[in-house]
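Let's work through some exercises on reading a protein structure. Keep the sequence and the 3D view open, and try each task before you read its solution.

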Amino acid sequence: MNEKTFRVLEYNHIHTRLSTYTARELGKELALGLRPSTNQEEIKRWQAETTEARRLWQSGERIPLGGIFNLKQVLRNAELGRALSPEELVAVAATLRAGRLLKDYFQGEQQANAPTLAEMAAGLTAFPQVEQEIERAITPEGMVKDQASPQLYKLRTQLKTLQNRVRDKLEAIVQGASTRKYLQENLITLRNGRYVLPVKQEYRQELPGIVHDQSASGATLFVEPVAIVELNNKLRQVEVEEEKEIARILAVLSALVGEAAGPALANLQILARLDLAFAKGRYSIELRGSEPLLNDRGYLRFLAARHPLLTGDVVPIDLELGEDFHTLVITGPNTGGKTVSLKTAGLLSLMAQSGLHLPAASGSEAAVFTGIFCDIGDEQSIEQSLSTFSSHMTNIVSILEEASDERHLVLLDELGAGTDPAEGATLAIALLNEFHRRGVRTIATTHYGDLKVFAYNTPGVQNASVEFDPETLAPTFRLLIGLPGRSNAFAIAARLGLDQKIIAHARQLLSPDERKVEDLIGEMVNERRLLEQERRDASALRQRVQREEQELKAELTRLKARREQLMKEAREEARALVRETRRKMENLLRELQETAHSSERSKLVNLAREELQEKLEELAEPSPQVEEYHGELAVGMRVKLLALGQEGEIIDLNEDAALVQAGPLRIWVERGKLAPLAPQKRPEKTGAVAGVKMAGLSQEKAKNISSELDLRGLTVDEALQITDKYLDEALLVGLPWVRLIHGKGTGALRTAINDYVRKHPRVKKHRWGESNEGGMGVTVVELER
């Protein structure tokens with residue numbers, strides 16, 4: 001790479017735009033000094049950094065890039081033992097904080113989202129002690145705090161006391177009836193660090209004291225009254241001691257910075273590189289860029305590429321070089337975009353090798369060139385007596401000395417121009433032949449028709465043209481590879497009104513071969529236009545079909561989701577009804593156990609049967625039809641209740657139905673509504689199970705009890721008795737957890753409750769309350785379901 005290439009391709013403008021996206025001066029320096037690399041692995045890493053930075057910007061998360069200062073000289077001074085100013089120390093603390101925050105930022109989930117940047121940030125060193133010491137001693141505005149040291153606090157307290165005493169005495173003089181007339185103004189001011197009063201010249205002798213200054217006119221003297229001279233002396237002495245203490249504090253902090261100077265300087269380099277990476281990411285977003293693929297075989301493939309410095313409605317171009325052909329000859333009218341195409345190829349190659357995303361479509365591919373050379377524009381020199389042609393030849397001679405193989409890209413604008421057309425064309429063909437023989441990747445623009453023939457007849461050389469619309473007499477700026485440019489002189493002349501006889505006569509003056517070539521190119525242009533229209537129509541049709549297919553798939557997905565939602569709601573409603581029925585049953589059993597009279601038991605049982613029958617009918621309405629089972633059933637068999645989806649065990653049978661134990665409940669179910677399950681080992685029972693035969697699953701609503709029990713003020717025995725009953729009720733109604741409020745007190749009640757719930761067989765786990773739940777004054781108990 002050489003500086004002339006950077007200048008001609010306007011690479012410095014890319015630097016300038018990139019630098020506007022940096023957060024701090026360090027990153028800006030790197031952006032302005034950015035140069036392409038010729039190491040493919042390094043370029044891949046740079047491109048990965050840009051891609052990751054772009055992804056993080058687009059995520060919307062705040063990236064901690066603030067507070068980074070260029071402290072190279074400051075850190076070197078500290079390393080040499082020099083004292084830093086408070087402002088410099090504040091900048092050091094801010095920069096150290098920025099490094100720590102970025103290191104922490106990439107140690108979270110961003111470590112997976114941006115592994116390359118995270119690896120870079122891992123090299124940052126944190127200095128929390130230095131940060132804390134500086135922040136403890138100095139305010140963000142650069143003032144040393146009173147609390148920076150006990151001695152400084154003491155001295156500043158003395159200063160305030162002495163200042164108040166001085167001001168009190170001066171206020172007495174200012175407000176005194178006999179002395180007020182001596183003063184030019186009723187104010188207290190400072191001169192040379194001493195408190196003084198503005199005394200009129202004519203009353204100098206009336207107010208004894210030391211004159212420290214006078215006004216420009218001499219009419220006012222600034223006098224330190226004798227009454228405060230001694231206080232001012234003491235005040236000045238304390239101020240000197242304060243300055244010494246501040247200097248000592250700054251020296252201590254500077255020494256801390258000096259000890260960390262080496263790693264802190266390394267931090268600055270990493271922070272600058274991170275700043276540059278994030279600037280590249282933001283620039284990529286602005287360009288609507290994409291990460292290019294890379295290769296080392298000299299192959300370029302830029303899809304829908306745009307020149308990054310052009311603004312407005314830029315026409316993208318597709319450009320390819322280095323696979324089927326190594327040399328591309330571009331022809332076409334002036335201002336048609338030939339030179340822009342040439343510069344786009346060169347500038348995008350430089351950007352890719354600098355780790356920048358390209359303003360091109362995804363899938364674009366860039367080669368890693370060791371040298372990019374260009375001869376673009378008219379660089380004639382009057383001082384060196386060089387004509388346009390001589391200037392071009394001088395550049396090309398120097399290019400021939402360096403460009404030797406496929407690792408070099410050569411861009412030649414208006415090759416062979418500036419001299420006799422016949423000689424210029426033959427010289428251009430000879431030069432292209434030489435570059436092609438070496439394998440150099442070459443793109444050249446020209447007006448010579450002979451070069452079209454050369455490109456057509458030479459393997460590995462390809463024609464290209466910039467499109468021109470004869471209807472509008474304007475270029476379309478599209479680059480057409482594989483199609484040579486045709487002369488549009490006759491078409492333009494005809495559109496502008498030139499007599500057709502003159503145009504026909506001019507056409508007759510062309511040689512037969514020239515007319516044949518022009519006619520052939522015209523046919524190719526028309527055929528290509530028709531093919532492109534057909535391709536666009538086919539593409540539109542394909543897109544419409546794909547869009548309709550996507551809409552149908554989306555509708556199908558929506559219907560499936562709706563069906564699943566309805567089924568889920570139905571299942572939830574059924575499960576809720578079953579849960580409610582279970583709670584009512586447990587509550588009824590408890591009430592039956594507590595009821596003393598048999599008449600009351602019978603009344604409750606009859607009431608429960610009626611409600612259970614109603615609930616079963618209600619539950620059965622939306623249930624789907626199930627196929628009845630007509631096989632053999634036996635006591636002890638595990639079965640599934642087909643209508644409810646519940647599982648249970650048969651404990652009794654008759655000709656029409658079976659009594660099934662489903663959880664804590666028993667229910668009579670028709671034989672056809674049961675399906676046998678695989679045998680399952682039954683746990684041994686140690687006692688008889690007391691229960692009541694029932695014909696349904698529902699009863700009165702479960703008793704609504706509070707999820708909190710307040711035990712404060714009770715004795716240990718009273719609290720344990722109440723807690724035991726309360727936990728039984730909570731288990732019966734299905735509460736998942738409860739809060740036992742026992743207070744903190746002496747701790748006796750808390751200990752007793754804790755021991756009790758720890759041994760309770762139905763307590764799953766327990767813990768002290770959180771700070772917002774009552775702390776150790778509350779025990780939170782989770783119950784088994």
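**Exercise 1. Work out which strands helix α11 lies across, and at what angle it runs to β2.**

*Step 1.* Helix α11 lies across β2, β3 and β4, and runs at about 145° to β2. Helices (H or I, at least four residues) and strands (E, at least two) are DSSP runs, numbered from the N terminus. Angles run from 0 to 180 degrees between N-to-C directions, with axes as lines fitted to C-alpha atoms, for helices over the stretch in contact.

*Step 2.* A word on the model: it is predicted, so local features need pLDDT of at least 70 and side-chain atom pairs count only at pLDDT 80 or more, while totals for chains, interfaces and linings use all residues. Residues are numbered from 1 along each chain as its sequence is written, and side-chain values use heavy atoms, with hydrogens and water left out.

*Step 3.* Look along α11 for E242, which has its place in this helix. E242 touches L152, L155, R156 and L159, leaving aside residues up to four places away in sequence; a contact means heavy atoms within 4.5 Å.

*Step 4.* Is E242 buried or exposed? E242 counts as buried because its relative accessibility is 15%. The cut-offs are under 20% relative accessible area for buried and over 50% for exposed, with partly exposed in between (1.4 Å probe, protein chains only).

**Exercise 2. Describe the sheet that contains β1, β2, β3 and β4.**

*Step 1.* The sheet is open, has four strands in the order β1-β2-β4-β3, and its pairing is antiparallel. Two strands pair if DSSP finds at least two bridges between them.

*Step 2.* Why is one side of β1 and of β3 left without a neighbour in the sheet? Both β1 (189-191) and β3 (209-214) stand at the edges with a single partner strand each, so one side of each has no neighbour there.

*Step 3.* From one strand to the next, the twist averages 50°.

*Step 4.* Now zoom in on one pair: β3 and β4 (residues 220-225) run antiparallel and are joined by five bridges. Here V211 stands opposite V223 in β4.

**Exercise 3. Find the order of the strands in the six-stranded open sheet.**

*Step 1.* The order is β10-β11-β12-β8-β13-β14, and the pairing is mixed.

*Step 2.* At the edges stand β10 (371-375) and β14 (474-481). Each has a single partner strand, so one side of each is left without a neighbour in the sheet.

*Step 3.* For a parallel pair, take β8 (residues 327-331) and β12 (residues 441-446), which share five bridges. The bridge partner of T331 is T446 in β12.

*Step 4.* Helix α14 (residues 388-402) lies across β10 and β11 (408-412), and runs at about 165° to β10.

**Exercise 4. Explore the largest nonpolar core.**

*Step 1.* A nonpolar core is a set of buried Ala, Val, Leu, Ile, Met, Phe, Trp, Tyr and Cys residues joined through side-chain atoms within 4.5 Å.

*Step 2.* How many residues does the largest one have? The count is 51, and F106, L117, V257 and L274 have the most contacts inside this core.

*Step 3.* Helix α12 gives the most to the core, with ten residues.
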